[in-house]
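Hi there,

Here is the structure I promised to pass on to you. Have a look at it first, and then read on for what turned up in the pockets and the chain.

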Amino acid sequence: MKAHAVRVTVRAAAMAAALAAIALPAMAEETNPLSFNLSVTSDYRYRGISQTRLKPALQGGVDYAHSSGFYIGAWASTIKWIKDSGGDADVEIDTYAGYKTEVGGGVTVDVGFLRYNYPSNKLPTSANTNELYGAVSYGPATLKYSHSVSNLFGFADSKNSGYLDLSATFDVGNGFTVTPHVGHQWVKNNDASSYTDYSLTVNKDWYGLTFGAGFVATSTDAYIGGKGKDLGKNGVVVSVKKVF
């Protein structure tokens, strides 16, 4: 009886060891759902328009992505355009939540809600903006549409404005990626402020950092900032980003 018990115990221990050997690599492969990012850029361009009067910006964010596909996050950047417009905000804080999943055939769908917060902006029409968005990705390409459910960035009577964005990311090897982009912003009841933007960005991963350089252009000269700066002028933007 004792010998039989020993054999059973040895077999159980062997099975437990085998299961642990299988489980441990699987656990090691699990990614942390929480991530942080910090970056510095020579010019914060959003939809082609400088938010910092063509000056540098400090940016950072936090993201939580659940294995089910649901995600939530926040991101912030220094800005200048609110003060240039007569308001009183030095920072933009974005909060967002959504759901992303592959629906088959290599097609991924991403839907969500994004709020742009400009604390104490004090503009006649609040700059705070709410958008719903939906995106479809296939291979390296993504088509995205964003729809404002509030006034858009301080424009009066601009609810139901929209932005259509087509972009792609190509891995060209040795840590380099190339990202072309074209987008069009419709501002409801304000055709003069509607425009198209274009960009071509090259990124390089190096020692845990991502270095970027891109050319940005728009079809508009209607966005004028402090000191008469054309915020949509063609320009080169460089950046460095760390994700941890």
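A strand here is a DSSP run labelled E of at least two residues, with numbering from the N terminus. Please keep in mind that this is a predicted model.

Let me start with the largest pocket. Strand E14, residues 209-218, contributes the most to its lining, with six residues. In total, 50 residues line this pocket, and those nearest its centre are Arg45, Tyr46, Lys144, Asp165 and Lys241. By type, the lining of the largest pocket splits into 21 polar, 17 nonpolar and twelve charged residues. Its volume comes to about 2200 Å³.

Next is the second largest pocket, which holds about 460 Å³ of space. It is lined by 24 residues, with Trp81, Ser85, Phe153, Phe155 and Tyr223 closest to its centre. Both strand E3 (49-50) and helix H2 (81-84) provide at least two residues of that lining. Here the lining residues divide into 15 nonpolar, seven polar and two charged.

As for the protein chain as a whole, it contains two helices and 15 strands. Of its 244 residues, 34% are buried. Among contacts with a separation of 6 or more, 44% are between residues 24 or more positions apart. The chain exposes about 14000 Å², and 63% of that comes from carbon and sulfur atoms.

Enjoy exploring it, and do write back with any thoughts.

Best wishes

Conventions. Residues are numbered from 1 along each chain as its sequence is written. This is a predicted model: local features need pLDDT of at least 70, side-chain atom pairs count only at pLDDT 80 or more; totals for chains, interfaces and linings use all residues. Side-chain values use heavy atoms; hydrogens and water are left out. On a 1 Å grid over the protein atoms alone, a cavity is a set of points where a 1.4 Å probe fits but cannot get out, and a pocket is an open set with protein on both sides within 12 Å along at least five of seven lines; lining residues have an atom within 4 Å of a point. Grid points are joined across faces, edges and corners, and a volume is the space filled by probe spheres set on the points. Helices (H or I, at least four residues) and strands (E, at least two) are DSSP runs, numbered from the N terminus. Ala, Val, Leu, Ile, Met, Phe, Trp, Tyr, Cys and Pro count as nonpolar, Asp, Glu, Lys and Arg as charged, and the others, Gly among them, as polar. Buried means under 20% relative accessible area, exposed over 50%, partly exposed in between (1.4 Å probe, protein chains only). Contact means heavy atoms within 4.5 Å. Accessible areas come from the Shrake-Rupley method with a 1.4 Å probe; for residues, only the protein chains shown count as cover.
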